[in-house]
Amino acid sequence: MRQWRRVANEAMQFSVSTAKFIALLHVTDSYLFSPILAHGSSMLPTFNFSGDVVLAERLSHRFGRVVPGDVVMVRAPDDPNMMVGKRVLGMEGDKVTFVDPASIRQYRKTTVVPKGHVWIQGDNTKESFDSRSYGPVPYGLIQGRAFFRVWPPNGFGFVDD
Amino acid sequence: MALRYLKNFLASEAFKNAGREVSDVVPRVVKYICCLQLTILTSSLSLCMLPTLGLAGNLCLAERISTRFDKLGVGDIVLLRSPELPRKIVTKRLVALEGQSVTYTVDPKNSDRSETVVVPKGHVWVEGDNVYESTDSRKFGPVPYGLLQGRVFWRIWPPKDFGSLAQSKGKDPVS
């Protein structure tokens, strides 16, 4: 009987510590920074095609500190379950000149980014599905800012703006 | 002279005790916050104010599980981040999901003109119940689903209105 109680006690202690650890991980992931695997070719040459592991911090966008030049993690406007990484090129009120990749005639258009929105573009403009196609996205869709690359080792360091 | 006072203060017992107390409290607060995060109650519920036609506001509970698992339906009252003011959370009613078409009066105060629009993929159409005063999708267009923060499901104040918020349109006006 005593043996059983001791075992049960230890199991309880262990599960409580595990629960606390998971809670700590969750808080860090949602509110401090989280690692993301960036793949796809839309951000070449900044991020590799085969996948870079990047740390994205979750504080700047909550305090309104996202500026043009930042690489941000954004919930895709056409698919809420997908996150995309793009660079912010314009904030609200900025004039943006771009070429719509879907248009047959490649003429340049200029728009003003509306209030509460940002203009995002991938660095590899030939292969990026971004604001040039779906327009400016609301600032509220930004989930984080990529600031540090962890993998591959030869790219270890801060993500340049 | 002032430096000597500063050094004395830093070495004093009072300061050391205060420092010890702080270093005791901080990890406990951090642990408490982490435990809170684990409880579904806190990370999925939040309080919101539902203004009722400009009279005293209501206090209600909103849950975040429906939005995360795509379980919203037409007629639900939802919380969303305003597309124009990203820091502001507004309460509106879900009128149409992606792919559905919406017919709405553009400016009910001034004219009867109505327009029909199809809600694009990944977006939803939200409207306040008080169409005359509400700034909603009729003004800022369909909103991306990613801006939805939660679904209002229970009213807790005033006490006479305590209870679940039914899905019927117009019964609980949201401005």
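## Chain B at a glance

Chain B exposes about 10600 Å², and 61% of that area is supplied by carbon and sulfur atoms. Keep in mind as you look around that this is a predicted model.

What is chain B built from? Its secondary structure comes to 5 helices and 10 strands. Of its 175 residues, 35% count as buried. Now take the contacts in chain B with a separation of 6 or more: residues 24 or more positions apart account for 49% of them.

In soluble globular proteins, nonpolar side chains tend to be buried together. Here, the largest nonpolar core has 25 residues, and the ones that touch the most other members are A:Val74 and A:Val118. Which elements give two or more residues to this core? In chain A they are strand S3 (71-75), strand S4 (83-90) and strand S7 (117-121), and in chain B they are strand S3 (77-81), strand S4 (89-96) and strand S7 (123-127).

A second, separate core has 7 residues, including A:Ala38, A:Met43, A:Phe47 and A:Val54. A:Val74 then touches A:Met82, A:Met83, A:Val84, A:Ile120, A:Val137, A:Leu141, A:Ile142 and A:Gln143.

A:Tyr31, A:Leu32, A:Phe33, A:Leu59 and A:Phe63 make a nonpolar surface patch of about 470 Å². One of these patch residues, A:Leu32, is found in helix H1 of chain A, which covers residues 2-32.

Why does A:Leu32 count as partly exposed? Its relative accessibility is 39%, and the partly exposed class runs between the buried limit of under 20% and the exposed limit of over 50%.

## A serine in a loop

Next, find A:Ser128 in the loop between S7 and helix H2 (131-134) of chain A. Is A:Ser128 buried or exposed? With a relative accessible area of 7%, A:Ser128 is buried, because buried means under 20%. Setting aside neighbours within four places in sequence, its contacts are A:Ser42, A:Lys86, A:Gln121 and A:Gly122.

For chain A, UniProt places the feature "domain: Peptidase S26" at residues 18-99 and 103-151, in an unreviewed entry. Over residues 103-151 of chain A, the chain is 45% strand and 8% helix. The end C-alpha atoms of that stretch are 37 Å apart.

Definitions and conventions
Residues are numbered from 1 along each chain as its sequence is written. Chains are lettered from A and ligands numbered from 1 in the order in which they are written. This is a predicted model: local features need pLDDT of at least 70, side-chain atom pairs count only at pLDDT 80 or more; totals for chains, interfaces and linings use all residues. Side-chain values use heavy atoms; hydrogens and water are left out. UniProt positions are given in the numbering used here, feature names are shortened, and annotations may be inferred rather than shown by experiment. Helices (H or I, at least four residues) and strands (E, at least two) are DSSP runs, numbered from the N terminus. Patches are made of residues with over 30% relative accessible area and no salt bridge: like charges are joined within 9 Å, nonpolar side chains (Val, Leu, Ile, Met, Phe, Trp, Tyr) within 5 Å. Accessible areas come from the Shrake-Rupley method with a 1.4 Å probe; for residues, only the protein chains shown count as cover. A salt bridge is a side-chain nitrogen of Lys or Arg within 4 Å of a carboxyl oxygen of Asp or Glu. Buried means under 20% relative accessible area, exposed over 50%, partly exposed in between (1.4 Å probe, protein chains only). A nonpolar core is a set of buried Ala, Val, Leu, Ile, Met, Phe, Trp, Tyr and Cys residues joined through side-chain atoms within 4.5 Å. Contact means heavy atoms within 4.5 Å.
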